Amino acid sequence: MSKKKANVPVEAKSARRSFSPVIAGDVLAPFSRLRDEFDRMFDDTPGNAFGSRWMQKFHENASPVVELRDKKDEYELVAEVPGMSSEDIEIKLSDGMLRIAGEKSESHDEEGESFMFSERHYGSFERAIKLPNGIDHEKINAETKDGLLTIHIPKSAEALQKERKIPINTG
């Protein structure tokens, strides 16, 4: 028995480019890579203290970094605020959100003096942190010392009573 070959039409690929679906995160990826290359080029230039990576670090560091710790009777939020006094910082609590805002002013020392470069950060910032449920809003207090802002957020008596350890059964 012989098999007959079917005539299957063969399409030649055209010069036309096919488009694949674009994932939202990838739309700007080529531009991001191009910018990274320019940043690298300028940052690698000797004597360039103000490369674009420096500006990126400035924006990343404009807001203070924070830690939120769960202690036995309270939560403790610590924020780095070097060079700032308590008068420069404002703390507000609203709808379970703790807002820390402040402004670090640039100091001007002497006339006729200019900076070769400066890596210090100046300007205003605001951080909003969602607090856990079960806190005593009336007893929250804060202090600053050695460039750290520490906010003590006591747990409510109800929250402390509801907390229980869950046993883990073994197989």
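This is a predicted model: local features need pLDDT of at least 70, side-chain atom pairs count only at pLDDT 80 or more; totals for chains, interfaces and linings use all residues.
Author: Residues are numbered from 1 along each chain as its sequence is written. Local features need pLDDT of at least 70 and side-chain atom pairs pLDDT 80 or more, totals for chains, interfaces and linings use all residues, and side-chain values use heavy atoms, without hydrogens and water.

Reader: What makes Lys155 and Asp70 a salt bridge?

Author: A salt bridge needs a side-chain nitrogen of Lys or Arg within 4 Å of a carboxyl oxygen of Asp or Glu. Here N to O is 2.6 Å, so the pair qualifies. Lys155 sits in the loop between β7 (148-154) and α3 (157-162), while Asp70 is in strand β1 (residues 66-70), 85 residues apart.

Reader: Why is Lys155 called buried?

Author: Buried means under 20% relative accessible area, exposed over 50%, and partly exposed in between (1.4 Å probe, protein chains only). Lys155 has 9%, so the word is buried.

Reader: Why do Arg69 and Glu76 count as a salt bridge?

Author: Their N to O distance is 2.7 Å, so they pass the cut-off. Arg69 is partly exposed at 38%. Glu76 is buried at 8%.

Reader: How many salt bridges does the whole structure hold?

Author: The search finds 7.

Terms used
Helices (H or I, at least four residues) and strands (E, at least two) are DSSP runs, numbered from the N terminus.
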